[in-house]
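Keep the sequence and the 3D view at hand.

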Amino acid sequence: MSTIEATPVPRSRFFFEALAPGGRRAFFLLGTIATCLLFAFPVFWLVLTSLRPGYAVYYVHRGSDFTLDNFQEVLGQEIVLKALWNSFAISTLATVLSLGVTVTSGYMLSRFRGTIPTVWFGAIYVFRCVPYVSWVLPLYFVTRAMGIFDTYWGLLLPHVAVHICFFSWIMKGFFDGIDPSMEYAAMIDGCSRWGAFLRVALPAAVPGLTALAILCWLYTWNEFLFALILTAQNTPILTVVMAQFVHELGMEWHLMSATAVLALGPALIVTIFGQKYVIRGLKI
Amino acid sequence: MAEVVLTNVRKTYGAVVAVEDLSLAIADHEFVVFVGPSGCGKSTTLRMIAGLEDTTRGTISIGNRVVNGLQPKDRDIAMVFQNYALYQHMSVYDNLAFGLRNRRVAAAQIDAAVRNAARILSIEPLLERRPRQLSGGQQQRVALGRCIVRNPKVFLFDEPLSNLDAQLRAQMRLEIKELRQRVPTTSVFVTHDQVEAMTLGDRIVVMKDGLMQQVGSPLELYRRPVNRFVASFIGSPAMNFIDVNVTAAPTGFRLRADGVDLELPQRRFAGLGAHAGRAVTIGVRPQHLRLGGAGEVEHVGLSGKVMVTEQLGDEQVLAVRIGAGDIRVAGVDPELSLATGTRIDVAVPMDNLHLFDTASGAAIR
């Protein structure tokens, strides 16, 4: 006679299954809330700090004096306004310019075989292997030599280059997920190769494209290292200006927080607008 | 008029030869099916006709015009793909209208063509939907519709039924046949399914390893396969093969192998003369074997042991062990109860015997 042996149940699973269905749900909910809090808390603290007067930032949990003076003060500084505009313009331009290249380069990597795609792929791969930090110094010399140091172009071009390297792969992934026979059908239906790309492949890639655009924009908006090294007084960038609230005379956390909250605004708008695309894009 | 003529077409990818020296003339309004196992070059041939692949050598002409250098859009063809290839971001209506809009046809004319195609294929209620809201069969109908509206010179089908389940496939096969009668157009159909090839084609081209093996009507291929490959590929269940040795006998030839001993008359199998003393392969279709001894004239008999029976309801298919190999016998009375190990005799009319050179596989006539 054969005996049936009980398979040992892992302890954690046992615990979870021991809970009533309602209990499991509550447990899951609690875990979700805890995780959200973990990420939301720093933002909450930042907003809190931005609303406190300078002397109270180290005692945020004590006292009840709140003020909007910090915002008034940073918005009164011309450099902050200029930095806000510069960061916005450069993020937007970098996104538009790099996507123009990324889309075609991703498409090429996905659809074509041969020497050019292979070399291009190799080049991107090599660039991605090199630590990001090590590009900064050479770029500083290059931008100086080209006479574009501390200009829009001086920051834009390196950003576009980085985006192309990082996002061509992701774009290739998007196009890999789109059936090429759709383009063949379009070519038979009267489109040229370019026409098939523009009218059939590209519209199908819009969710991915939007996700990439948002990632691109946020990346440049938040980027610090390039901005710090490749710009000076002429082209203030928000992240650098923010860092400059820490200086030899002390740390103006309240002003820095106020600027950071200001910086949060556009990023938040962009993210809320494109949230659904980012999630769809990340699934690929 | 739109005959498609392939002349010495060759296609290589680096060192790999995909299609070798293919010449074929497809008549106007003819329906030709390319069939073969995967990697035999059939899809490549179709894509060369479509202009999606260049030819390495040779010429392709459609309607007396060499199209080698022409873009797919300029060849006046339409193609149905295995995975339908519908434009996902467009409605069914726009999918159907896309080709005509590209050719700057007047809107009223497009509308008429789209509605006409939708009526022929019974997809009128679906015109406003998106492709991903449709079932596989409906999507394939839309893909067919996309071809019809354009009224092209040639229809190309690249395994259009492979993604459908068996029942739907049978239904779509009938619909394609019906469509042919309504919209007679020169068609090239690629499939790996010999049933589709047999049922749809006016002529069938059997391919293997980039080489055209045989071209002919379904019945020609079934009755007179030129080699062992064609014989095994066409027909279901597949043809039985038995390797035997040929020796000359007083009135003809003696074919012997383990469990097989046949005598064939000289006058009917003169071709065997050149093979005396060598190995040949006998081919017999399972449907041509009948239970019972070779009592009748012009029949030969085999005997073996029943190994497995497959009950299909209207018939049984037996696996019978002869010597070391098994052969299949189809069309056996389903009421007949045959235990494993039962010794049985089967017979086949000599007319239905196929003989192949074992080494080359070529048919011996």
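## Helices, a sheet and a contact

Q: Which residues of α7(A) does α5(A) meet?
A: This is a predicted model. On the α5(A) side, the residues are I124(A), F127(A) and R128(A). Their partners in α7(A) are C165(A), S168(A) and W169(A).

Q: How many nonpolar, polar and charged residues are in the contact of α5(A) with α7(A)?
A: Cys and Trp count as nonpolar, while Arg counts as charged. Sorted this way, the contact of α5(A) with α7(A) has four nonpolar, one polar and one charged residues.

Q: At what angle do α5 and α7 of chain A pack, and what is that arrangement called?
A: Helix α5 covers residues 115-129 of chain A, and helix α7 covers residues 152-176. Their axes lie 9 Å apart, at an angle of about 120°. That angle makes α5(A) oblique to α7(A).

Q: How do α3 and α4 of chain B cross?
A: Helix α3 spans residues 107-120 of chain B, and helix α4 spans residues 136-150. Their axes come within 9 Å and cross at roughly 135°. Angles over 145 degrees would count as roughly antiparallel. α3(B) and α4(B) are therefore oblique to each other.

Q: Which residues of α4(B) does α3(B) meet?
A: α3(B) passes α4(B) in a right-handed crossing. From α3(B) come A113(B), V114(B), A117(B), A118(B) and I120(B). The contact divides into seven nonpolar, one polar and no charged residues. On the α4(B) side are G145(B), I148(B) and V149(B).

Q: Which are the edge strands of the open sheet in chain B?
A: Five strands form this sheet, in the order β15-β19-β16-β17-β18, with antiparallel pairing. An edge strand here pairs on one side only. The edge strands are β15 (290-291) and β18 (325-332) of chain B.

Q: Which residue of β18(B) stands opposite Q316(B)?
A: Strand β17 of chain B covers residues 316-322. Six bridges join β17 to β18(B), and the two run antiparallel. Opposite Q316(B) stands V332(B).

Q: Which elements give two or more residues to the side of chain B that touches chain A?
A: The contact takes 18 residues from chain B and 14 residues from chain A. The chain B side divides into ten nonpolar, six polar and two charged residues. The elements are β6 (77-80) and α2 (92-102) of chain B.

Conventions: Residues numbered from 1 in each chain as written. Chains lettered and ligands numbered in written order. Predicted model: local features only at pLDDT ≥ 70, side-chain atom pairs only at ≥ 80, totals over all residues. Pairing = 2+ DSSP bridges. Helix = DSSP H or I, 4+ residues; strand = E, 2+ residues; numbered from the N terminus. Axes fitted to C-alpha atoms, helices over the stretch in contact; angles between N-to-C directions. Parallel < 35°, antiparallel > 145°, perpendicular 65-115°, else oblique. Contact = placed C-beta atoms within 7 Å. Left-handed = near helix turned anticlockwise from the far one by under 90°.
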